[in-house]
Amino acid sequence: MRVVIAEDVYLLRAGLTRLLEAYDFEVVAAVESGPELLAALIEHRPDVAVVDVRLPPTFTDEGLRAAIEARHTHPGLPVVVLSQHVQQLYARELLADGGGGVGYLLKDRVFNDEQFVDALRRVAAGGTAMDPDVVAKLISGRPPMAKLSPREREVLGLMAEGRSNAAIGQRLFLSDSAVSKHIASIFGKLGLAASDDDNRRVLAVLAHIAGNSSESRP
Amino acid sequence: MTRSLRLGAAVAAGLGLLTTLIWGVSGQGYFWPRWVWMGVAIPVGLAGAVAWARQQRVGRRRRLAIHGAISVVISLLEVVIWLLSGLGWFWPIFPIAALAALFGVHAWVLGRLPPERERELLQRVDVLSRSRSGALDIQAAELRRIERDLHDGAQARMVSLAMSLGLAARLVKSDPDAAASLLDEARASTVSALDELRDVVHGIHPPVLAERGLADAIRVVALDSPLDVEVAADLPGRLDPPVESAAYFAVRELLTNAAKHSGAEKVQVDVGHAGQLLRIVVHDDGHGGADPAGGTGLLGVRRRLGTFDGVLEVRSPTGGPTTLTMEIPCVLSSRRTSTCSEPD
């Protein structure tokens, strides 16, 4: 699997490269600034890109903007955005185009290499990988969520992170059919149309919770 | 000398010359035009004297100078009348003495009062020294808090991390299972340390503020608030980082207050910049009764803003609603604030 890495701190860039190569990824470019990233994404069209939010030259949200711009010109280009902090605002922006192949994770998640690599593969396949922290923020306090039972909220959280039914069942010690039943109930309560396709289902959930209370946006 | 004054003087001189000419043509005799000359000299002299006095800086000194100049012109006039009316006993001594006495009283009163400018400056120095000590207090308290957070948080985690790693290294041959679980513990400890460092960093300078500027940073606070907060922001540029930071923490404090005390459901935040003034209005539909002197929250906001000559106006009648208006004088730089929908 071909991957582009954008990270300005040398140690992290080298560490990520080493980690991904250990899992048989091919690192086709490891860049350290926003403009270089945009060029690399368009030149290499990687299977997945791993992008730090804050990059030179401005050290603001260069990486995020480059990722959004690249996905604008190449819809569905799989990008996993890494950051020292996760924000609902940025998650909403990444999800705004409604396409799959998006990840948004805290840098800490890299420590758990298996889960991190799993998230990359999921995004490369057109799925999503949302950080549990940002999912928790998106879900908490939204009025429709009050209708869900605690168990359903757990299932919803894991689903919003981008996990499959099997993974959710494993994590919560539930059978596949129990997971399906919970999901059907969640979709019913939120008024969403059910879908068999995992990725499309996750996007519907994310669009729903990210769309909530977004009237505050200009 | 202003143009209108010069024009007035020219007209007066023309009038004087004309009457003198008429007097010369009409057989001379008693030189009556001297009264015309005197008549036209009065307004010109007064205007000239006042124009001179007006060169002083605005304030009491200028008023004194105008007073003096008019007194001098009137005194001269009386002397001239005395000269033209055939000398005799020097009667102008009385009005001149009266004018001088009046002027003396004016000057004496002025001398007794502290000069206006000085009083303004004293007030300003007072405000500045108070806001400076307030700013230093806030800063010192913040540094203490950061020190404590680092000491009790990340630093302590690092110590336990090093201990776990040392123990794991010792056990790796004799008891690999125990070593593996210690390593797992060490990893968890690192994650917690990062969490705590993130909180500390957020308290020093919120990352979104650095990355996106005030408007989006306030949007993030709004999204994370338990209340339904609407944000309408119109900032065509970036603010100075210290002002941006003060405004951000002030808004965050006000929103925290609203969530804790107001009983509000909806909050509206308007952010705008006009005429070198940043203006932020936080309006909630709660039960009001916010006391600007009571809680430490509003006082703290006021002190924070005071450092930048900013003000906080509180309108919160019992029963609500509450409207809090902040104004900070500042300029916008041309750096454009990125907005969510635009990638560039």
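This is a predicted model: local features need pLDDT of at least 70, side-chain atom pairs count only at pLDDT 80 or more; totals for chains, interfaces and linings use all residues.
The secondary structure of chain A consists of 10 helices and six strands. For its 218 residues the globule rule gives a radius of gyration of 17 Å, and the value computed for chain A, 17 Å, is close to this, so the chain is as compact as a globular protein of that length. Taken along the principal axes, a box of roughly 45 × 40 × 25 Å is filled by the C-alpha atoms of chain A. Of the 218 residues in this chain, 45% are buried. Among the contacts in chain A with a separation of 6 or more, 62% are between residues 24 or more positions apart.

The largest nonpolar core comprises 101 residues, and the most contacts inside it are made by A:Val80, B:Ile218 and B:Val251. Helix 9 of chain B, residues 241-262, supplies the largest share of this core, with 10 residues. When residues up to four places away in sequence are not counted, A:Val80 touches A:Val48 and A:Val50, A:Gly103 and A:Leu105, and also A:Ala119, A:Leu120, A:Val123 and A:Ala129.

In chain B, helix 1 runs over residues 3-25. At 1.5 Å a residue, its 23 residues should span 33 Å, and this agrees with the distance of 33 Å between its end C-alpha atoms. Just after this helix, B:Gly27 adopts a positive phi of about 90°.

Key:
Residues are numbered from 1 along each chain as its sequence is written. Chains are lettered from A and ligands numbered from 1 in the order in which they are written. Helices (H or I, at least four residues) and strands (E, at least two) are DSSP runs, numbered from the N terminus. The radius of gyration is taken over C-alpha atoms; the globule rule is 2.2 Å times the number of residues to the power 0.38. A residue is buried if 20 or more other C-beta atoms lie within 10 Å of its own, exposed if 12 or fewer, and partly exposed in between; C-beta atoms are placed from the backbone. Two residues are in contact if their C-beta atoms, placed from the backbone, lie within 7 Å. A nonpolar core is a set of buried Ala, Val, Leu, Ile, Met, Phe, Trp, Tyr and Cys residues joined through C-beta atoms within 7 Å. The expected span of a helix is 1.5 Å times one less than its number of residues.
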